[in-house]
Protein chains: 2
Amino acid sequence: MARYVSLEHIKFLLQEVHAVHDLFQLDKFSHLNWEQAWMIIESAKQLADRDMHPFFREMDVHNVHYEGKGGVKTHPQLKTIIQNGAAQGWISGSAKLIHGGLQLPMMIFNSGHHIFSSANNGAIGYMSLTAGAAALINSFGNEEQHNLFVPNMYDGKWQGTMALTEPQAGSSLSDITTTATPIGDGYYKIKGQKIFISGGQHEACENFVHLTLARIEGAPAGTKGISLFIIPKFWPGKNGELTYNDVFCAGDFQKLGQRAYATTHLVFGDQDNCKGWLVGEPHKGLAYMFQMMNEARISVGMGAVTIAQAAYYAALEYAQERPQGRLPSEKDPLKPPTLIIHHADVQRMLLTQKAIVEGGLALSMECNRQFDLAHGANDNEKQEAWLLLEILTPIVKAWCSEQANRSAALAIQVFGGYGYTMDFPVQQFYRDLKIYTLYEGTTGIQSLDLLGRKMSMEKGKALALLVTKINESIKQARSHEELRDHANLLEEEGKRITQVLNHLRTFIEEGDVDRYLSDATVFMEMMGNIVVAWQWLKQSVHAQAQLKAKHFEHQQREFYEGIIHTMKFYFRYELTHAEACAKTIMHPDYLINLKQNEVLF
Amino acid sequence: MARYVSLEHIKFLLQEVHAVHDLFQLDKFSHLNWEQAWMIIESAKQLADRDMHPFFREMDVHNVHYEGKGGVKTHPQLKTIIQNGAAQGWISGSAKLIHGGLQLPMMIFNSGHHIFSSANNGAIGYMSLTAGAAALINSFGNEEQHNLFVPNMYDGKWQGTMALTEPQAGSSLSDITTTATPIGDGYYKIKGQKIFISGGQHEACENFVHLTLARIEGAPAGTKGISLFIIPKFWPGKNGELTYNDVFCAGDFQKLGQRAYATTHLVFGDQDNCKGWLVGEPHKGLAYMFQMMNEARISVGMGAVTIAQAAYYAALEYAQERPQGRLPSEKDPLKPPTLIIHHADVQRMLLTQKAIVEGGLALSMECNRQFDLAHGANDNEKQEAWLLLEILTPIVKAWCSEQANRSAALAIQVFGGYGYTMDFPVQQFYRDLKIYTLYEGTTGIQSLDLLGRKMSMEKGKALALLVTKINESIKQARSHEELRDHANLLEEEGKRITQVLNHLRTFIEEGDVDRYLSDATVFMEMMGNIVVAWQWLKQSVHAQAQLKAKHFEHQQREFYEGIIHTMKFYFRYELTHAEACAKTIMHPDYLINLKQNEVLF
């Protein structure tokens, strides 16, 4: 079987870089230790090897499609994947013990999902979604709601979804129009349409539990008037019988990639007979939903570099096996061709991929750690972790998804013409990845969140904390002579953040919030670039410590040296572009303001 | 019908920026004037509107595929396209009058092909290939060969191809093994396999004329022992009867995109009965083939930004029609949503696309002009044009194809989730484009050509000429106060070329050619960035002159202002990255050398 994921790198991130053992000291996770946690991850790999990876390409070819009359055809393997995944706890895993979960740290739970995504990214979304929907019910629903829905969701029998997007509103949730009319006892009559609902209908589950945003009659306009409802496709009765709730699947979007993953169009209440159940208080739906969205954003960022990793390993394997051409210094055409991995440009492409993938995974795992601390540490540490998580979430989503696409394009390039054919998997990774810059908030939306909300949140405390963390890594790196130059370089690059923000703040002072935010995406590119450089330096500190301690086998030496080498590569080939982003932002021309666009296109 | 190409921009490039009227002064093109030339281009647009664009998406869905027994199924419209295209002269157009062509300047001929590519990129390749193959016969074949093959090729009855790639050799032409055994009179028995042969078999033509590279028995090793053969699928007899020549199509590669374009696997001489006809002298095949390849490289670069342009117009149209969200300064959710084109980030994405597309087209047209001068001017000017063409060819191929892919990704991003669905055309542009960084020499190959051959050719004369041309534009720009700052900026950026080359030359002096070439692709990125900045400045000089002269309608004012605005955008958002590339190249670490790779992956 082709390598598609690196357990070695996961272990390095968990055990060394992001110190998962800290978590086992917390009450919340004290029922676990490292050996158990690692066993859980290894069993995920076995599951992925057996049930998921062998079906990856087949589920793309025999893709999900609408059959008419509300039915969506899915690959038969999907049911096996969901059932066996559920049985191993990969839906309930991160839920609390009292909710029927395993109360795993997100670091462990998402390591499993990382393995699944790398094996078959179109199939694993179903489970992640159900986990997220159940978590929403656990957090904001009542016990009755929990008991009625969650156990079947955790068993993989019922699919959970998040139903936000509407045709006319897209990313603009303040404009959603699905209506909810009270009919008493917390129940509402629902009417409206939702599109792009992942997992909204398929053949592997018998019921669908849609966590849906809608507007209660008379609610305030905008996002302050949105409420959250549970709308099952079938209402369960006392004896488990299921009654149709007028949730009709009107179509399944055919897509560039992720063709194993249903993307449905749902119609609620076409027969005027759709009943929803309010979750929590009225008008707080968006705040509730953001719990799910924030977790999903980390998963999307991590999932993107995960797919890029699978593409990278495919390219690496090909480069190690394919003889072609000779080095420029070798002029003799009678000499046998060299393996293409010996060509400098192929190495550059492979190292770029490694730098993106393992840098992105380190950042993702940092987010998982902060998530776990924010939900399990003591109050002080909790608050810190929460702030760090808030500022890192848009970055991990946007940077990882953008760069993963670039990475997969390079994987195709390593294959040459073969990479463009359907005979190799890289084209599928490339297609699958394109959605990651779009769903759970586009790169543009993440960038507005970062610059518009997160940079200034709690008077800049989140940013100050991030800078403190970066400086800690710089300090640690300085204690290794081999890393000193790069520590200094990151310190210099880090100064750009303040410099750029000082420049941008003049627009806020002038009351021009549109201009302040106009280059948010370039700012995101710069921030992502610097933050991932931090994660590379942090990884290198741990790798260097291991190399000095010399407690490792030969193969591990290569692993640690590879980490440091890739850090150097990242600093040389990628971090250099942060300065260009800063220059772009601080340039005096204002070229993307509304008033001018009529002459431009 | 959706806008997919800009006749206005083509006219601007031809008439103003690249002064096509200079060509009509030359003997070679004195049979033409501007009015005729423009009429020819307008008729191309009519043909594209009628025969090509309406079938673009359909020919992707009902894609080319192998039927077994040597047959390749193609869309019925393909025959109409080729026949009507041929009748209008779009195969023979650039050939000399004495060869039965229209002797059009490449500036005009490729303007037509640009329109066709933007309408239906998978369909037009068939004609371009036939044109290129016929040109090879005209240039290096004898009269008998011309008479036997070319007229039917120009009529669109017979398909021409270029058969280079072999399964084991890929880009490394020195390793091809197809053999040619002499049987007298310039004929050879051929045996071998070729893959990725575009247009190698389909239903729209009755014969296939494969311009094939093979090795004559006993030929020197490497590229010096390669000869060029005409190998038709059927040999034409005296009365026009066709006799099978043992050229068997063994398959059609299924691809990520360009699904209307056959990509075949050909087997020559499986029955030991395949006869080829030597073109020109033995062992000079590669040099001959490079005529075709160089022209094809310009076409591929131009074709890539052409597709990106169609994607850009699709995104632009969507952005002008789709209401969603509000500006950051608008807090009232009761206000109606704004069109998404009013969002700064959408404008940034659109302007990035415009900058890539129109910058790339300007560079492509520069190459076409130099091509025409190199083939039609007086001796001195000819030599200059040839040198410029030599240095610009790898740049236009690599920069345009890489950036066009980025551009199409942004087009999807403008559409949001809809862009990922098969309901909109942007996903097809995105898929179609990925091959452009691969065929006719990958980006890596182009970069080695640029840094390894072109920078030093004729003792650096090509580079010196390019710098002179850039400086001419800078000087002209300085005469307009509005462009002075940007002229100065380009001058500064241009200095990086010398700086970087001086750094790299130390490796040559040390005899380390591998290291000298190791960052060729980063060098290409920098060079492309600067060269396209030059084309933007050059376009702006002409736009500014028009604005000053005030000889235009209102709509034209917007066009010219749009050019200058996009130039400023390019300088601010793109040119800034040239410095980062230079820094990467001049960094002291050497991280992609053979000896280290064992620890990296």
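**A walk through the two-chain model**

The largest nonpolar core holds 416 residues, and those with the most contacts inside it are A:Ala315, B:Ala315 and B:Ala408. Here a nonpolar core is a set of buried Ala, Val, Leu, Ile, Met, Phe, Trp, Tyr and Cys residues joined through C-beta atoms within 7 Å; buried means 20 or more other C-beta atoms within 10 Å of the residue's own, with C-beta atoms placed from the backbone. This is a predicted model, where local features need pLDDT of at least 70, side-chain atom pairs count only at pLDDT 80 or more, and totals for chains, interfaces and linings use all residues. Residues are numbered from 1 along each chain as its sequence is written, while chains are lettered from A and ligands numbered from 1 in the order in which they are written.

Let's stop at B:Ala315. Setting aside neighbours within four places in sequence, B:Ala315 is in contact (C-beta atoms, placed from the backbone, within 7 Å) with B:Leu350, B:Gln353, B:Ala411, B:Val414, B:Phe415 and B:Val426.

Now for helix α1 of chain B, residues 7-17, whose buried residues are B:His9, B:Ile10, B:Phe12, B:Leu13, B:Leu14 and B:Val17. Helices are DSSP runs of H or I, at least four residues, numbered from the N terminus. The cover over those buried residues includes α3 (34-52), α6 (106-140), α9 (344-376) and α16 (520-549) of chain B. After α1(B) comes B:Ala19, with a positive phi near 40°.

Where the chains meet, 82 residues of chain B are in contact with 82 residues of chain A. On the chain B side, α17(B) gives the most, with 14 residues.

Methods. Buried ≥ 20, exposed ≤ 12 C-beta atoms within 10 Å, placed from the backbone. Helix = DSSP H or I, 4+ residues; strand = E, 2+ residues; numbered from the N terminus. Contact = placed C-beta atoms within 7 Å.
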